[in-house]
Amino acid sequence: MSGTSSQAEKSNFSLFNSLTEFNHEQVVVCNDNATGLKAIIAVHNTVLGPGLGGTRFWVYNNEQEAMNDALRLSRGMTYKASISGLNLGGAKAVIVADKDTKKTEAFMRKFGRFVENLNGKYITAEDVGTTTKDMEYIAMETDHVVGLPENMGGGGDPSPVTAYGVYMGMKASAKKAFGNDSLAGKLVTVQGVGKVGYYLVELLVKDGAKVFISDINEQNLKHTAALGGEVISPNDVYSKKVDIFAPCAMGAILNSETIPQLNCAIVCGSANNQLKEDVQHGNMLRDRGILYAPDFLVNAGGLINVYSEYTGYVRERAMAQTEHIYDLTLDIFHKSETENLNTQLAATKIAEERIHNVMLVKSTY
Ligand code: NAD
């Protein structure tokens, strides 16, 4: 990160302060002049097992933004694995480049070499900007990769399983908020109808929900509207009066500007890091009487799916384990009430407690 020192000083960014704050184990900064590869692999916590998390290909405004993303996302993976009862730690990689101009076989294989050098402490997978094809290239250099195509023994695209987990979390939220977990007749807005949003809309329409959809990608909107989703303007996405708002696009969309606009009883969607600030914005939702289903819990289906690949892929087992998100969501709501914590903090506490307890087991005979 030498090139950022003056920039970092100006913005008071301190890498080691950030690592201390989030309690990260290790961060690897990767550089290869031949291919132009520049990447960060952040390993947050490996108490429960190797750190598994996807590789994000993204154009960041600066190096600090890339580092923050890697740190926040890898910590989220630790909590996601822990609360889902998986024997996995949390990690994430970001490749700092434009996927449309930089990605080549050599580029991805070189990244695979960096993953290999971590000797299994980090297992990579797909994320925004990476595909099963990229995982195939990485697999030429390391065994520590999941999210492979079905013809290579992998589970293929995990998005339908992620959508199923969100649907389970939504049903549990409906049970809590309305006393009944049926989604028939419920009004639901889905923000972002990409890979996960599409499958979620399919499940909701099948259940008889009335679904409103919003996206910045016209093709995805058209594709999903064909399932029965009604397109609404991005300007109405927060304020539309609905029962459930499902953020399935990007993070930090629950913030001081958007939360006052919400006109729903439940927020439950797949996007990672939906709350801009866990305490402030989690409390804000609670104070407004809006039930928030913690993102890292309800979107864990994809991780459960790739974990299943790591241990010998069986789709039915992954789906059955994902179904458990229903009970876990209700447990979180219960803990949130009994401990007077917002639901995100209640979920984080459960995830941290499991890691702490396993650490004690590992430190004894
Ligand atoms: P995707 O890229 O396929 O879909 C995202 C969609 O959101 C796209 O259609 C995009 O056009 C749209 N979008 C972007 N900005 C928007 C905006 N401002 N308003 C409305 N729509 C906007 O991604 P995905 O795989 O469907 O993932 C969606 C979210 O769920 C991401 O936050 C991802 O990190 C998270 N997630 C995905 C999985 C998975 O299995 N794919 C697993 C866990 C979490």
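User: Within what distance do the axes of helix α7 and helix α13 come, and at roughly what angle do they cross?

Analyst: In this predicted model, the axes of α7 (residues 159-178) and α13 (residues 315-323) come within 9 Å and cross at roughly 25 degrees. Axes are lines fitted to C-alpha atoms, for helices over the stretch in contact, with angles from 0 to 180 degrees between N-to-C directions. Helices are DSSP runs (H or I, at least four residues) numbered from the N terminus.

The model is predicted, with local features needing pLDDT of at least 70 and side-chain atom pairs counting only at pLDDT 80 or more, while totals for chains, interfaces and linings use all residues. Residues are numbered from 1 along each chain as its sequence is written, and side-chain values use heavy atoms, leaving out hydrogens and water.

User: Why are α7 and α13 called roughly parallel?

Analyst: Angles under 35 degrees count as roughly parallel, over 145 as roughly antiparallel, 65 to 115 as roughly perpendicular and the rest as oblique. The angle is roughly 25 degrees, and α7 and α13 are therefore roughly parallel to each other.

User: Which residues of α7 and α13 meet?

Analyst: P160, V161, Y164, G165 and M168 in α7 meet R315, A318, M319, T322 and E323 in α13, where contact means heavy atoms within 4.5 Å. By class, this contact has six nonpolar, two polar and two charged residues. Nonpolar covers Ala, Val, Leu, Ile, Met, Phe, Trp, Tyr, Cys and Pro, charged covers Asp, Glu, Lys and Arg, and the others, Gly among them, are polar.

User: What makes α3 roughly perpendicular to α15?

Analyst: The axes of α3 (residues 63-83) and α15 (residues 343-362) come within 8 Å and cross at roughly 75 degrees. That value makes α3 roughly perpendicular to α15. The contact involves residues including Y79 and I83 of α3 and A347 and I355 of α15, and by class it has seven nonpolar, three polar and two charged residues.

User: Why is α5 called oblique to α6?

Analyst: The axes of α5 (residues 105-117) and α6 (residues 132-139) come within 7 Å and cross at roughly 60 degrees. That angle makes α5 oblique to α6. Residues in contact include M108 and F111 of α5 and Y137 and I138 of α6.

Methods
Helices (H or I, at least four residues) and strands (E, at least two) are DSSP runs, numbered from the N terminus.
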